[in-house]
Amino acid sequence: MSKKNQHVVPHGDDWAVKGAGNSKATSVHSTQQEAIDRGRSIAQNQKSELMIHGENGRIREKNSYGNDPYPPKG
């Protein structure tokens, strides 16, 4: 399984979870919260990032579930 970042994006009247660079949705949900929950689960499994897009398509929130250094550098 590759470490693809997961995106929660609008999908018609629904919400979809898509892996970065994928044209097809991994899963489609009737609410954004359901899509976020599924995307979070996938991102935690893959130790990748979850990017939540708003209805306008712009990223409104990012969550990282990878091996981030703590404390952050810089």
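**Basis**

This is a predicted model: local features need pLDDT of at least 70, side-chain atom pairs count only at pLDDT 80 or more, and totals for chains, interfaces and linings use all residues. Residues are numbered from 1 along each chain as its sequence is written, and side-chain values use heavy atoms, with hydrogens and water left out.

**Overall layout**

The chain holds one helix and five strands. Here helices (H or I, at least four residues) and strands (E, at least two) are DSSP runs, numbered from the N terminus. Read from the N terminus, the order is β-β-β-α-β-β. The chain has 74 residues, and 32% of them are buried. Buried means under 20% relative accessible area, exposed means over 50%, and partly exposed lies in between (1.4 Å probe, protein chains only). A contact means heavy atoms within 4.5 Å. Among contacts between residues at least 6 apart in sequence, 30% join residues at least 24 apart.

**Strands**

Two strands pair if DSSP finds at least two bridges between them. Strand β2 takes part in both pairings below.

| β1 and β2 (residues 14-19) | antiparallel | six | H11 and D14 |

The hairpin of β1 and β2 has two residues between the strands. In this hairpin, G12 takes a positive phi near 65°.

The loop between β2 and β3 holds G21. G21 counts as exposed, because its relative accessibility is 83%.

Helix α1 has 15 residues. The expected span of a helix is 1.5 Å times one less than its number of residues. For α1 that gives 21 Å, and the end C-alpha atoms are 21 Å apart, so the two values agree.

Which residues of α1 are buried? They are Q32, A35, I36, G39, I42, A43 and Q46. These residues lie on the same side of α1, because they cover an arc of only 130° around the axis. The arc is that of the directions from the helix axis to the C-beta atoms. What covers the buried residues of α1 includes β1, β2, β3, β4 and β5 (59-64).

**The core**

A nonpolar core is a set of buried Ala, Val, Leu, Ile, Met, Phe, Trp, Tyr and Cys residues joined through side-chain atoms within 4.5 Å. The largest one has nine residues: V8, W15, V17, A35, I36, I42, A43, L50 and I52. β2, α1 and β4 each supply at least two residues of this core. The most come from α1, which gives four.

A35 is one of these core residues. Leaving aside neighbours within four places in sequence, A35 is in contact with V8, W15, V17 and H29.

Q6 is found in strand β1 (residues 6-11). Is Q6 buried or exposed? Q6 is buried, because its relative accessible area is 3%. Not counting residues up to four places away in sequence, Q6 touches several residues, among them V17, G39, I42, A43 and L50.

The side chain of Q6 also makes a polar contact with the side chain of Q46, at 3.4 Å. A polar contact is a pair of N or O atoms within 3.5 Å; within protein, one must be able to donate a hydrogen and the other to accept it, and residues adjacent in sequence count only if both atoms are side-chain atoms. Q6 and K62 are 56 residues apart along the chain, and their C-alpha atoms are separated by 9.9 Å.

K47 lies in the loop between α1 (32-46) and β4 (49-53). K47 counts as partly exposed, because its relative accessibility is 42%. Most residues other than glycine have a negative phi. K47 is not a glycine, yet it has a positive phi of about 55°.

S48 sits in the loop between α1 and β4. S48 is buried, because its relative accessible area is 5%. Its side chain reaches the backbone oxygen of K4 at 3.0 Å. Not counting residues up to four places away in sequence, S48 touches residues including K3, N5, A43, N63 and Y65.
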